[in-house]
Amino acid sequence: MPMWLQQIDMLNPVRHIITALRRIFLEGADLGMVWSQIWPLLIMASVTLPLAAWLFRRRSV
């Protein structure tokens, strides 16, 4: 995969989830080992969840 596409793929939450689950199930990883996959998901959630709540409140009025 080209490097520019790999960089764009970092914004895809499924990539981080699959990588973390693969490490947990196949390697027996603990929280310290999958933290590099969890913190991007936390950042994405902290941005998208308030935005979704705001859009929902705006739409239901």
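Predicted model: local features only at pLDDT ≥ 70, side-chain atom pairs only at ≥ 80, totals over all residues.

Colleague: Is Gln37 buried or exposed?

Modeller: Gln37 is buried. Its relative accessible area is 8%, and buried means under 20%.

Colleague: Which residues does Gln37 touch, leaving out those up to four places away in sequence?

Modeller: Gln37 touches Arg15, His16, Thr19 and Ala20.

Colleague: Let's pick up Arg15, then. What does its side chain meet in a salt bridge?

Modeller: The partner is Asp9. The N to O distance is 3.3 Å.

Colleague: Why can two side chains pair like that?

Modeller: Opposite charges can pair when the charged atoms come close.

Colleague: How many salt bridges does the count come to?

Modeller: The count is 1 salt bridge.

Colleague: And how exposed are the two partners, Arg15 and Asp9?

Modeller: Arg15 is partly exposed, at 29% relative accessible area. Asp9 is partly exposed too, with 23% relative accessibility.

Colleague: New topic: the surface. Which residues make the nonpolar patch?

Modeller: Leu31, Trp35, Trp39, Leu42, Ile43 and Val47 make that patch. It covers about 630 Å².

Colleague: Let's take Ile43. Where does it lie?

Modeller: Ile43 lies in helix 3, which spans residues 31-60.

Colleague: Why does Ile43 count as partly exposed?

Modeller: Its relative accessible area is 45%. Buried is under 20% and exposed is over 50%, so a value in between counts as partly exposed.

Note on methods: Residues numbered from 1 in each chain as written. Heavy atoms only, no water. Patch = residues over 30% accessible without salt bridge, like charges linked within 9 Å, V, L, I, M, F, W, Y side chains within 5 Å. Areas by Shrake-Rupley, 256 points an atom, 1.4 Å probe, with all protein chains shown as cover. Salt bridge = Lys/Arg side-chain N within 4 Å of Asp/Glu carboxyl O. Helix = DSSP H or I, 4+ residues; strand = E, 2+ residues; numbered from the N terminus. Buried < 20%, exposed > 50% of the residue type's maximum accessible area, 1.4 Å probe, protein only. Contact = heavy atoms within 4.5 Å.
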